[in-house]
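The exercises below ask you to read a fold from its geometry, one step at a time. Work through each task with the model open before turning to the solution.

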Amino acid sequence: MEKALIALAAALAVSIPALATAYAQARIGSAGAGTVAEKPETAGTMIILEAIPETMVILGFVVAIMLILQFA
């Protein structure tokens, strides 16, 4: 039973940030496309802004790995 709860916690640690990141990237991507269309010199900034939410998923993945390795 304990291993099932740990697996569930690890899955939630990755899935919830992934959903939040998908939502954020959708919003940033649509706004960034409009910005780049008006000012092409902002393309580099938009790429960076699009990549920043990915850190949430990476941190969630690290937490999941730590949970699995600590209690396995």
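**Exercise 1. Fold and overall dimensions**

How many helices and how many strands does the protein have?

*Solution.* The model is a predicted one, and the protein in it has 3 helices and 0 strands. Read from the N terminus on, the elements follow the order α-α-α. Helix α1 covers residues 2-38, helix α2 covers residues 43-51, and helix α3 covers residues 54-71.

Turning to extent, the radius of gyration of the protein is 17 Å, whereas a compact globule of 72 residues would have a value near 11 Å. The box filled by the C-alpha atoms, taken along the principal axes, is roughly 55 × 15 × 5 Å.

**Exercise 2. The packing of α1 against α2**

At roughly what angle do the axes of α1 and α2 cross, and within what distance do they come? Classify the arrangement, and then describe the residues that take part.

*Solution.* Two packed helices are described by the angle between their axes together with the distance between those axes. The axes of α1 and α2 cross at roughly 180 degrees and come within 10 Å. Because angles over 145 degrees count as roughly antiparallel, α1 and α2 are roughly antiparallel to each other. On the α1 side the contact is made by Q25, I28, G29, G32, T35 and V36, and on the α2 side by A43, M46, L49 and E50.

Some of these residues can be examined one by one. A43, in helix α2, is partly exposed, with a relative accessible area of 29%, and its C-alpha atom is separated by 8.0 Å from that of G32, which is 11 residues away along the chain. T35, in helix α1, is partly exposed at 30% relative accessible area; leaving out residues up to four places away in sequence, T35 touches T42 and M46. G29, also a residue of helix α1, has a relative accessible area of 28% and is partly exposed.

**Exercise 3. The packing of α1 against α3**

Which residues of α1 and α3 make the contact between these two helices, and how are the axes of the helices oriented?

*Solution.* The axes of α1 and α3 come within 8 Å and cross at roughly 175 degrees. That angle makes α1 roughly antiparallel to α3. The residues of α1 that make the contact include E2, I6, A9, A13, P17, T21 and Q25, while those of α3 include E54, M56, V57, G60, F61, L67 and F71.

**Exercise 4. T21 and Q25 in detail**

Is T21 buried or exposed, and which polar contact does the side chain of Q25 make?

*Solution.* T21 belongs to helix α1 and has a relative accessible area of 2%; since buried means under 20%, T21 counts as buried. Its side chain reaches the backbone oxygen of P53 at 3.1 Å. Once neighbours within four places in sequence are left aside, T21 is in contact with P53, E54, M56 and V57.

Q25 likewise lies in helix α1, and its side chain makes a polar contact with the side chain of E54 at 3.2 Å. With the neighbours within four places in sequence again set aside, Q25 is in contact with E50, P53 and E54. Q25 is listed in the contact of α1 with α2, and Q25 is listed in the contact of α1 with α3.

**Exercise 5. Separations in sequence and in space**

How many residues apart in sequence are T35 and A18, and how far apart are they in space?

*Solution.* T35 and A18 are 17 residues apart in sequence and 25 Å apart in space, C-alpha to C-alpha. A31, which lies in helix α1 and counts as partly exposed at 47% relative accessibility, is 15 residues along the chain from I16, with 23 Å separating the C-alpha atoms. G29 and V57 are 28 residues apart in sequence, and their C-alpha atoms are 17 Å apart.

How values were computed
Residues are numbered from 1 along each chain as its sequence is written. This is a predicted model: local features need pLDDT of at least 70, side-chain atom pairs count only at pLDDT 80 or more; totals for chains, interfaces and linings use all residues. Side-chain values use heavy atoms; hydrogens and water are left out. Helices (H or I, at least four residues) and strands (E, at least two) are DSSP runs, numbered from the N terminus. The radius of gyration is taken over C-alpha atoms; the globule rule is 2.2 Å times the number of residues to the power 0.38. Buried means under 20% relative accessible area, exposed over 50%, partly exposed in between (1.4 Å probe, protein chains only). A polar contact is a pair of N or O atoms within 3.5 Å; within protein, one must be able to donate a hydrogen and the other to accept it, and residues adjacent in sequence count only if both atoms are side-chain atoms. Contact means heavy atoms within 4.5 Å. Axes are lines fitted to C-alpha atoms, for helices over the stretch in contact, and angles run from 0 to 180 degrees between N-to-C directions. Angles under 35 degrees count as roughly parallel, over 145 as roughly antiparallel, 65 to 115 as roughly perpendicular and the rest as oblique.
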